[in-house]
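Trainee: Please take one part of this model and look at it closely. Then connect that part to the rest of the chain.

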Amino acid sequence: NWAAEIDIQGVHGEKLGFIEGKILTTALAKFNIYDRYDHLVAVAYMDLDNKGVTLTPPNNETYPLARLNRIYVPNIPDHWEVVVYEPKDLDDRIIRIFAAFCVDVQDSFHKDI
């Protein structure tokens, strides 16, 4: 799942960007997020406890652009919270697709036991 490549298109088929999973990384999971012009606009890092993702600018991993938190409660369906700190820097449609991907594969990085 973490090596996934996801092309993102708008409702009329226009290219919005793409997400590229990185296999060789010291992070538990890492994704590069590109805009419609193929410019790297954010890097997403999985937390050490596998329950959230922080998106940062490509050249400053200490400055959060957005945060996705999995609200993990054993034995009941989880939900996610998404906070975008810099909406002008990230297309919200890309964030929504990335969040949907995280929800879809959440059990592969922290299984509900």
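Mentor: The face turned away from its buried side carries Arg96 and Asp104, both exposed. This is a predicted model, so read every value as computed from it. Now turn to the other side of the helix. The buried residues of helix 1 are Ile94, Ile95, Phe98, Ala99, Phe101 and Cys102. Looking down the helix axis, these buried residues fall within an arc of 155 degrees, so they line one face. An α-helix has 3.6 residues a turn, so residues three or four places apart point the same way.

Helix 1 has 13 residues, and at 1.5 Å a residue they should span 18 Å. The end C-alpha atoms are 18 Å apart, so the two values agree.

Next, the core. The largest nonpolar core holds 23 residues, and Val53, Leu55, Leu68 and Phe98 touch the most other members. Seven elements each supply at least two residues of this core: strand 1 (5-9), strand 2 (15-22), strand 3 (30-35), strand 4, strand 5, strand 6 and helix 1 (92-104). Helix 1 gives the largest share, 6 residues. In soluble globular proteins, nonpolar side chains tend to be buried together.

Follow Leu55 next. Setting aside neighbours within four places in sequence, Leu55 is in contact with Ile95 and Phe98, among others. The contacts of Leu55 also include Ile33, Ala42, Val43, Ala44, Leu68 and Leu90. Tyr63, Pro64, Leu65 and Ala66 are on that list too.

Strand 5 spans residues 52-56 and is mostly covered, with 5 of its 5 residues buried. Val53 and Leu55 point one way from the strand. Gly52, Thr54 and Thr56 point the other way, and these are buried as well.

Strand 5 has a partner in strand 4 (residues 40-46). The two run antiparallel and are joined by 4 bridges. Tyr45 stands opposite Thr54. Met46 has Val53 as its bridge partner. Strand 5 also pairs with strand 6 (residues 66-71), again antiparallel, over 4 bridges. There, Thr54 stands opposite Arg67.

Strand 3 and strand 4 run antiparallel, joined by 5 bridges. Tyr34 has Leu40 in strand 4 as its bridge partner. The hairpin of these strands has 4 residues between them. In that hairpin, Asp38 takes a positive phi near 65 degrees.

Now step back to the whole chain. There are 2 helices and 7 strands. Along the sequence the pattern is β-β-β-β-β-β-β-α-α. Of the 113 residues, 42% are buried. Take contacts between residues at least 6 apart in sequence: 31% of them join residues at least 24 apart. The chain exposes about 6,800 Å², and carbon and sulfur atoms supply 53% of that area.

How values were computed. Residues are numbered from 1 along each chain as its sequence is written. This is a predicted model: local features need pLDDT of at least 70, side-chain atom pairs count only at pLDDT 80 or more; totals for chains, interfaces and linings use all residues. Side-chain values use heavy atoms; hydrogens and water are left out. Buried means under 20% relative accessible area, exposed over 50%, partly exposed in between (1.4 Å probe, protein chains only). Two strands pair if DSSP finds at least two bridges between them. Contact means heavy atoms within 4.5 Å. Accessible areas come from the Shrake-Rupley method with a 1.4 Å probe; for residues, only the protein chains shown count as cover. A nonpolar core is a set of buried Ala, Val, Leu, Ile, Met, Phe, Trp, Tyr and Cys residues joined through side-chain atoms within 4.5 Å. The expected span of a helix is 1.5 Å times one less than its number of residues. The arc is that of the directions from the helix axis to the C-beta atoms.
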